[in-house]
Structure formats: C-alpha cells, structure tokens
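Thanks for coming. I will walk through one structure today, beginning with a strand and its partners and ending with the salt bridges.

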Amino acid sequence: MTFIKKANILQLILLILVLASCKKETISKQISALNVNVPADTLTKMVPSKNEDKLSDEYINSTKKSIEAFYTKNWPNNSLNGGFLVAKNGQIIFEKYEGFSNFRNKTVMTADSPLHLASVSKVITATAVLKLINAGKINLDQKVNTILKKFPYPEVTIRTLLNHRSGMRSYSYFTDKKEIWDRHKILTNQDILNLLATKNIALESKTNTRFAYCNTNYAILALIIEKTTGLKYKEAMKRIIFEPLGMKNTFVMDYDTERKTVAPSYKGNRAEIGMDYLDAIYGDKNIYSTPRDLLKLDRARSASTFLAPQLLNQVYKGYSNEHKGRKNYGLGIRMVQWETGQTLYYHNGWWHGNTSSYVPLRKENVTLIALSNKFSRSPYNIRKLSALFGDYPFKLDGEEKDE
C-alpha cells in the first residue's frame, strides 16, 4: 500500500512538471507572437508603389502646357528658388528647379537638392507612427504616459497628438520664458519632455476638446518613435521610410554635425536666416527632402500596402469639428472640406525662410509639390492646380493663403 501511494505521488509530481513545461512553452510562444523586444531589423517598413497606369503622351503634353503657364505666372523670372513638381500615377508631368540652394557658394538648385520641409515633416512623422500602429507595436488610442513615463498629461493619446487635440502648449512659447529655459542653450526633444514633466506647464485646453495646431505634439511623437523602435528618430525614419522607398536625398538633420552643411534659408531679399535654439527639434520639422523623393513617399502612402483600410479611414477623417468651417485636420494631414462633399488634402510648411506645400489629390492619383528656401507664400498656390484634375473650386490666378 505504501509503495502504491509513493508511486501515485511520483506520477502526480511528474504530471505537474509536464504541465508546467507545456504552460511555459505556451507563454513563450505568446510572448514571441506579441513581438516583445523586437530587433531593429524586423521594423515595419514602407513598400514602394507598383504598376500604376501609364499616361499617354497626348495627355502629358496637353496637361504640361497648362501647368507651365501656371508656373510662369506665379514665379516669373525664375523667382521660386526651389523645386516644383506635378505628377499623376507617379509619372512626372512637369518639374522645375531654379535658383540656388546656397547663395554664398552659388550652389545651383537641382532635382537632387534637399530643402528643409518645415511642417511637411509632420506628414512623414505621422507616416512612421501609423506604420507602427498598423504593425501592432503601439495603439492609436494608447495613453502617451504608458510609453513615455515622465509625460505628465494622463488623458493625451497618440491620436490626440496626431490630430492636434492634445491641448498642449507650443514649446516655442513656454521656452521663451527665461525662468523655463535659457535660450543660449540648444533645446532638444528630450528637454521638452523634461520641462513638461518638471515645470508645471499647464495645458492650454482640456485634452480632446478643441483643435489647436501645436509643434509640441509632433516633437513628442518623435520620442514615441524612438521609444518604440529603440532607435534614434533619424535612424528609425531612415529604416522605416527613406531606405525602403529609395529616398536617397532625404534625411533628418543632425544639428551637431550637419547644421553647417545643409541648405540655408533666406528672407525674400536673399538675406540668410541663421539657426536658433529651436533648430535641433525634430518630428515637427527638420526633415530635408526633394520633390522627387516626396513623390515616392506619396505613391507609397497611396498604395494598398500602406495601412489596413480601417486605420486608413481614420487618417483622412476630420477631427476639428467644434466650429463649422471648411478647414479641418486628420492624422498628420490638413484638409479643406466643401459643402459639395469634395475634400482637398494637403500640408504646408513654414520655418525660417523655408516654405513648402504637399498636395495629394487622392481620387485623381495626382501629386503636387512646391519647395523653396527663400521666403514666399507663393508655394502654397500650388493647390490651385487641383482644378486641372478634378472638381475643386479654385481659380488659377491670385495668391493663396496658408490655411
């Protein structure tokens, strides 16, 4: 009897050990499935677009004449000092590069001359964040303080950063106060987070109660990209977007090593505008690119491989509806919505003397891009060319204001 009892106990112990081993293996598989501590080489990546319909020579030639006339009217006597591109189905119909990327060195502007995108950089930051969401690395409605532990505003989510409904203050405003920051020191993204966490900087409005365009949102999104990928923003953007799409002339400026070699920006009279203590911040700005590289990005964003349909619908939805009007903002993209149901998507930029405009006509598969490093609002006029391709209520004359 004693022998039988001991045998039963031994069998029970053996069964427990087997079950524990199986459970451990199951948990291990579950952890693996969740991609915990994913190595950098398994990052989600953009995929180039393929097999778009070829345009006829007749269509290209007839459309090119209208675009050229528009260009000549808006930038007479080679006055753009930048790059201009119009394409359909990824095929360039018209492009032009003129002026100097550096007036001191007389460096001629070419198709390969990277210029500061200013706030068009937000489109690219949003692209990386959306790819990480699509891959399940982070969630659209995840609280920011679950990723960045120091972040002091508990109701702010990734979505409210992307659509500018966080309620945060612009870092250029609160760091302008000497009791907050010494402007003789270069400000970094991490400095912004530290100041938010330690200086009792109140929200301008309760989170998700109103739209307020704010660069701080995208500076924080850049830190989320870093935390999620384990890479510096510059490297993460290269691996997720720039390298996979062959954007060879696109990069995030490293303030310490590249500020003296990038294309400067200028006032309208060609006086150079120097950099200041805010020029090391990235995410909201500080991406340099060319129209041709932005075309590659645009076509990849238009491809079926970009995002799952449900997430993509969230991107192009307007979120600032507390006041009736045409202007609205999605997830990293501006829009103008007319009562006819027509919507124009775009994003403009302005930083120092750099002005930029990116207009993706999604229904028509048309891409409009204008970049300049000599200050002028005229690059924003490029959206008027939408009237050549679809039912957009624009006239092809007169100056367009940034909305």
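Let me start with a pairing: strand 1 and strand 14 (residues 366-372) run antiparallel to each other and are joined over 7 bridges. Two strands count as paired here if DSSP finds at least two bridges between them. Helices and strands are DSSP runs numbered from the N terminus, with helices being H or I of at least four residues and strands being E of at least two. Within this pair, Gly83 sits opposite Leu371 of strand 14.

A word on where this comes from. It is a predicted model, in which local features need pLDDT of at least 70 and side-chain atom pairs count only at pLDDT 80 or more, while totals for chains, interfaces and linings use all residues. Residues are numbered from 1 along each chain as its sequence is written, and side-chain values use heavy atoms, with hydrogens and water left out.

For orientation, the protein has 11 helices and 14 strands. Of its 403 residues, 51% count as buried. Buried means under 20% relative accessible area, exposed means over 50%, and partly exposed is in between, using a 1.4 Å probe and protein chains only. Contact means heavy atoms within 4.5 Å. Among contacts between residues at least 6 apart in sequence, 65% join residues at least 24 apart.

Back to strand 1. It also pairs with strand 2 (residues 91-98), again in the antiparallel sense and over 7 bridges. Lys88 has Gln91 of strand 2 opposite it. The hairpin of strands 1 and 2 has 2 residues between the strands, and Asn89 there takes a positive phi near 55 degrees.

Is strand 1 buried or exposed? In strand 1 (residues 82-88), 7 of the 7 residues are buried, so the strand is largely enclosed by the rest of the structure. Gly82, Phe84, Val86 and Lys88 point one way, Gly83, Leu85 and Ala87 point the other way, and all are buried.

As background, strands of a sheet pair through backbone hydrogen bonds, either parallel or antiparallel.

There is also an open sheet of 3 strands, in the order 5-9-6, with antiparallel pairing. Strand 5 (115-116) and strand 6 (251-252) are at its edges with a single partner strand each, so one side of each has no neighbour in the sheet. Strand 6 pairs with strand 9 (residues 287-289) over 2 bridges, in the antiparallel sense. There, Val252 has Ile287 in strand 9 as its bridge partner.

Now the helices. At what angle do helix 7 and helix 8 pack? Helix 7 (residues 215-229) packs on helix 8 at about 75 degrees, and their axes are 9 Å apart. That makes the two helices roughly perpendicular. The cut-offs are under 35 degrees for roughly parallel, over 145 for roughly antiparallel, 65 to 115 for roughly perpendicular, and oblique for the rest. Axes are lines fitted to C-alpha atoms, for helices over the stretch in contact, and angles run from 0 to 180 degrees between N-to-C directions.

From helix 7, Ala222, Ile225, Glu226 and Thr229 meet Tyr233, Ala236, Met237 and Ile240 of helix 8. By class, this contact has 6 nonpolar, 1 polar and 1 charged residues. Ala, Val, Leu, Ile, Met, Phe, Trp, Tyr, Cys and Pro count as nonpolar, Asp, Glu, Lys and Arg as charged, and the others, Gly among them, as polar.

Last, the salt bridges. A salt bridge is a side-chain nitrogen of Lys or Arg within 4 Å of a carboxyl oxygen of Asp or Glu. How many salt bridges does the structure hold? There are 14.

One of them joins the side chains of Arg104 and Glu272, at 2.8 Å from N to O. Arg104 lies in the loop between strand 3 (100-102) and strand 4 (107-108), and Glu272 in strand 8 (residues 272-273), so this pair ties together parts that are 168 residues apart in sequence. Arg104 is exposed, at 56% relative accessible area, while Glu272 is partly exposed, at 39%.

Another links Arg165 and Glu322, whose closest N and O atoms are 2.9 Å apart. Arg165 is in the loop between helix 4 (158-162) and helix 5 (171-174), and Glu322 is in the loop between helix 11 (309-315) and strand 10 (327-329), so parts 157 residues apart in sequence are tied together. Arg165 counts as buried, at 6% relative accessibility; Glu322 is partly exposed, at 33%.

Finally, Lys238 and Glu235 form a salt bridge of 3.4 Å, N to O. Both lie in helix 8 (residues 233-242), 3 residues apart, about one turn of the helix.
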